[in-house]
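Hi everyone, thanks for coming. I'd like to walk you through a few residues today, so please have a look at the screen with me.

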Amino acid sequence: MDIREIVRRVKDVVSSNALLAGTIIGAVSGFLLGLLLKRFQHNEVITSLVGYPGELFMRALQLLIIPVVVISLIAGSSSLNIKTNGKIALRTFLYFLLTSLANAALGISLAIMFQPGDSSIKAELTDISTATIEERKNSLLDNFLDMGRQIVPNNIFTSFFEMPVTVYKKRPGALDEYTKSLDSRRGTNAIGLIFYALMFGTFMSILEEKAKPLRDVIQAVDEVNMKTISSLIWLTPFGVASLICIKVIEIEDMGQLMSSLAMFIITVFVGITIYQIIGMQLLYFIFLRKNPFKFYTGVLPAAVTGFAVDSSSAAMPVTLRCMDEVGIDTRISHFVVPIGVICNMDGTALFISIASVFIAQMNSIPLGSGDYITIGISATAVSIATAGAPSASLTLLPIILNAIGAPLEDIALLFAIDWLCDRMRTTNNVLGDCYAAAIIEHWSHDELSQQPIKSDRTNSIKVDTLEMTQVLPHEPSGEEERTKS
């Protein structure tokens, strides 16, 4: 091997891992800078300036969420016929359901094994106010009925900034009597937008040539979105550094919180690690028969971004970019990932299961096999209803605690360390979407190979460190297949 070949290979390795290396360096730098600023005197001006790049980065990601979700789903579903759409959707939801259930079972098993619940924790953290807990009277049925209303919105435009929810309000002059009503809550109704996008793209596919001009426009907009993402992606290390730094500064007594709830944090961390390092890799290897850790390295920037921004939704633009870099068919990645951001919450199911058992142990509440089954099924169900936003799972935890007779006020203890646990479980959610796309692409190989291309453009993906051109892919050639392998 001559020197030119060695140089070429070194360049290939550096260019293919530049984003991962930069993101990790940014995360470590942000953490160290945060500790340094905490140690020395810092004023509000310095704190604002340090956190400003991260704030702008988050705003840019949030700006792209809705356009990317809607356009990607329309472009992906319009490129497949209705039969293929149905099969892929069924496989996607079945995979998400089974992996979430497996994570819930893993969380229960680890909580039983590690026994993180200790009544002394309540005494150590008595200064934490329970006033931050929102009293929720909604039942599991209410949440599922609300999900149905969100899936079928009555106004697609209002879905961009509000969603229907069931609320209970106290009767005037009554102590424990509530009136039930349907209200709206501020926030994007992502499930409704996904349903509309899938329906719109499916009927575009049915109309074929009649809808071809509109399909070309949608695909062009999708390419513009991806080009925007490919430019924004290189700001990730700076955004990650700023976000982590400001979070470290905001925590007043990190050591005390860590030591008080150390066993709970360790239990969550072990569960996240087992599923990421063993569970996901085994699933990938069993179904694809390829090196799973090469894929893991390729999608790791999405996980690190999810950890920093604390939201699988906000990390979705980065996730889609990683999917393109590792060679996943865009018809699958643009179909599976946006759905996964809403419905696939592996880390959330694991966390809710551990938290439920933890609170029961802390209050010396005995749990039988029926209680554990209730926790597992309920954790899987509520994880699907959890929004891809920071600390969203804690708002649904009371549903499970009510089912097992555990006190709701103890959720306040988890708010103390949820800033860390939420970031850990978000990495599971993000990576779960990535592995789901890879496995479902493998399961759908026959349908994709038989699916005619509905565009006159050249369908290829070319990704390098500076530029990405993305369109819907065709059946991979021999050279592309070797590259993917």
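Let's start with a question: is valine 430 buried or exposed? Keep in mind as we go that this is a predicted model. Valine 430 has a relative accessible area of 1%, and because buried means under 20%, this residue counts as buried.

Where does this valine sit? Valine 430 is part of helix 19. Leaving aside residues up to four places away in sequence, the contacts of valine 430 are Ala302, Ala303, Gly306, Ser312, Ala315 and Thr319.

Which side chain of opposite charge is nearest to aspartate 433? That would be arginine 425, and it is 13 Å away. So here is a buried aspartate without a salt bridge, given that such a bridge needs the charged atoms within 4 Å. What does aspartate 433 touch, then, not counting residues up to four places away in sequence? The answer is Phe96, Val336, Val337, Gly340, Val341 and Asn344.

One last stop, in another part of the chain. Serine 78 is found in helix 3, residues 44–78. Serine 78 counts as buried because its relative accessibility is 0%. A polar atom of the serine 78 side chain lies 3.0 Å from the backbone oxygen of alanine 75.

That's my tour, and I'm happy to take questions.

Notes. Residues are numbered from 1 along each chain as its sequence is written. This is a predicted model: local features need pLDDT of at least 70, side-chain atom pairs count only at pLDDT 80 or more; totals for chains, interfaces and linings use all residues. Side-chain values use heavy atoms; hydrogens and water are left out. Buried means under 20% relative accessible area, exposed over 50%, partly exposed in between (1.4 Å probe, protein chains only). Lys and Arg count as positive and Asp and Glu as negative; His and the chain ends are not counted. Contact means heavy atoms within 4.5 Å. Helices (H or I, at least four residues) and strands (E, at least two) are DSSP runs, numbered from the N terminus. A polar contact is a pair of N or O atoms within 3.5 Å; within protein, one must be able to donate a hydrogen and the other to accept it, and residues adjacent in sequence count only if both atoms are side-chain atoms.
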